[in-house]
Number of protein chains: 2
Amino acid sequence: MEARERLLVAALDLFATYGVSGTSLQMIADRLGVTKAAVYHQFPSKDDIVLAVLSPALDRFGPIADHAESQRGNPARREAVLAGVVDLIVEFRRVSSTLSFDPVVIRLLRSHPSLRNLQRIRRLLGGTAPDPGSRVRMAVISAGLMMAGADPAVAGLDDEDFRDHLLAAARRILTG
Amino acid sequence: MEARERLLVAALDLFATYGVSGTSLQMIADRLGVTKAAVYHQFPSKDDIVLAVLSPALDRFGPIADHAESQRGNPARREAVLAGVVDLIVEFRRVSSTLSFDPVVIRLLRSHPSLRNLQRIRRLLGGTAPDPGSRVRMAVISAGLMMAGADPAVAGLDDEDFRDHLLAAARRILTG
C-alpha cells in the first residue's frame, strides 16, 4: 500500500473509534509510526484527510444521478438511482457507516460541490415536492442505508448478499 | 430549568456540533458561563454526562420489552415493540439522532445494563435466528429510525405526524 493510502486507512480506523473531532493529526502520526510533520507534508489539515477519505465516494454522486436521469420514466429513474446508491454504499460501507453522521463531516459537506449531486439523488428518489410521508420514508431509508453497515449483525455478509438485501429493503420502503 | 437540566441541554448541543469526543468539560462550562469546577461538582466525568443524557431513554427499553412480551402471539408482540420503540424515538429524537452512532456512546453502552433489554427488543422484532435478509432489514430499520430525526427534511413535522409516518415506514420494511 502506498503511504497516502496507509494514512487514509489509519485515519478511518481512528475516526471509527474516536470520531473525527476526537482524532488529531498527532494520533494519526502515532498510529503510522511517523512524525506529525510527515502527516502535514501530505495533508495540510485534518479536513483535507477527511475529504480525501470521502472523495472517491462523493465523486460518484454525479455519475449516479446522470445515469438515472438518462432513463425514461420516473419508475426506471428511481430504480436506477437506487441501484447506484446501494452499489456505492456496499463498496464504501466502512466509510459510509463511519462518517455519514459525523458532525465534522456534516459541517464540511455543507459547502461541498457534491451536495448539489446529493440533492439530485434525493429528488430522483423522492420527487420534487414530497409529502410528509415521503419525507419520513426518505429520511429512514437514507439513514438506514448509510448506517446499516455499522451493524455487527451484517458484518459477516459478503458484498453481493449485502447489496441484494439492501436493495430489497429499500424497495419495500420506497414503493410500499 | 434546573442547573442539572441546563447542563445536559448544553452538553447535547455541543455533542451535536462536535461529537462527544470533541466536547470537553471546559467547553460545557464555557457554554453555561460557569467554572469547570462547577461542572465537576455535578458530574465527575464526561461519561457521566453522556449517561445522564441517555438514561431516560435507555430506562425505557425494559418496560417496552416487558409490555411486548406480555402480548399473545408474535405478530402482536412485534407490533407492540415497534410502537414502543417509535414512541421512544419520537420523544427523544434529538438525543437519538445525536448520540446513537457516536463512537464514544457505542463504547460506553457495550457494558451497560440496558444492552440486555436492547437485545430483547431486537429479538422481538427480528426473531431469535434471523436469516441474512432479516438481519439487513433490522440493520436498515434500526439505523433508519434512530437517525431519521437528523434529516432536515423532517424537522418541521410535529411529533404525531412524525410518529405515524415512522411507524408506517417501519411496518413496510419489516412486514413487506
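**Entry 1**

I began with helix 4 of chain A, which bends by about 30° at A:A52. A proline, A:P56, follows within four residues of that bend. I note that this is a predicted model.

I then checked the length of helix 4 of chain A, which runs over residues 46-58. Its 13 residues should span 18 Å at 1.5 Å a residue, and the end C-alpha atoms are 18 Å apart, so the two figures agree.

Which residues of this helix are buried? I found A:I49, A:V50, A:V53, A:L54 and A:L58 to be buried in helix 4 of chain A. I looked up what covers them, and the cover includes helix 1 (3-18), helix 5 (61-69) and helix 7 (93-99) of chain A. Helix 8 (103-109) and helix 9 (114-126) of chain A also belong to that cover.

**Entry 2: chain A as a whole**

I listed the elements of chain A and got 11 helices and zero strands. Read along the sequence, the pattern is α-α-α-α-α-α-α-α-α-α-α.

Of the 176 residues in chain A, 41% are buried. I looked at contacts in chain A with a separation of 6 or more, and residues 24 or more positions apart account for 66% of them.

**Entry 3: two domains**

How is chain A divided? I have domain 1 covering 3-44 and domain 2 covering 54-175. The C-alpha centres of these two domains of chain A lie 27 Å apart. Six residues from domain 1 of chain A and eight residues from domain 2 of chain A take part in the contact between them. On the domain 1 side I sorted the residues by type and got four nonpolar, two polar and no charged.

**Entry 4: one residue, A:L166**

I picked A:L166, which sits in helix 11 (residues 159-175) of chain A. Is A:L166 buried or exposed? I counted 28 C-beta neighbours inside 10 Å, and a residue needs 20 or more to be called buried, so A:L166 counts as buried.

Next I listed the contacts of A:L166, leaving aside its neighbours within four places in sequence. Within chain A they are A:V86, A:I89, A:V90, A:L145 and A:A148. In chain B they are B:V136 and B:V140. I followed up A:V90, which is 76 residues from A:L166 in sequence and 8.8 Å from it in space, C-alpha to C-alpha.

**Entry 5: where the chains meet**

I found 38 residues of chain B in contact with 38 residues of chain A. On the chain B side, the elements giving two or more residues are helix 1 (3-18), helix 10 (132-148) and helix 11 (159-175). The largest share, 15 residues, comes from helix 10 of chain B. By type, the residues of this side are 23 nonpolar, nine polar and six charged.

I closed with helix 10 of chain B, which has 17 residues. From its first C-alpha to its last it reaches 23 Å, close to the 24 Å expected at 1.5 Å a residue. I found 14 of the 17 residues of helix 10 of chain B buried, so this helix is largely enclosed by the rest of the structure.

Definitions and conventions:
Residues are numbered from 1 along each chain as its sequence is written. Chains are lettered from A and ligands numbered from 1 in the order in which they are written. This is a predicted model: local features need pLDDT of at least 70, side-chain atom pairs count only at pLDDT 80 or more; totals for chains, interfaces and linings use all residues. Two residues are in contact if their C-beta atoms, placed from the backbone, lie within 7 Å. Ala, Val, Leu, Ile, Met, Phe, Trp, Tyr, Cys and Pro count as nonpolar, Asp, Glu, Lys and Arg as charged, and the others, Gly among them, as polar. A residue is buried if 20 or more other C-beta atoms lie within 10 Å of its own, exposed if 12 or fewer, and partly exposed in between; C-beta atoms are placed from the backbone. Domain bounds come from an automatic or database domain assignment. The expected span of a helix is 1.5 Å times one less than its number of residues. The bend at a residue is the angle between axes fitted to the seven residues ending there and the seven starting there.
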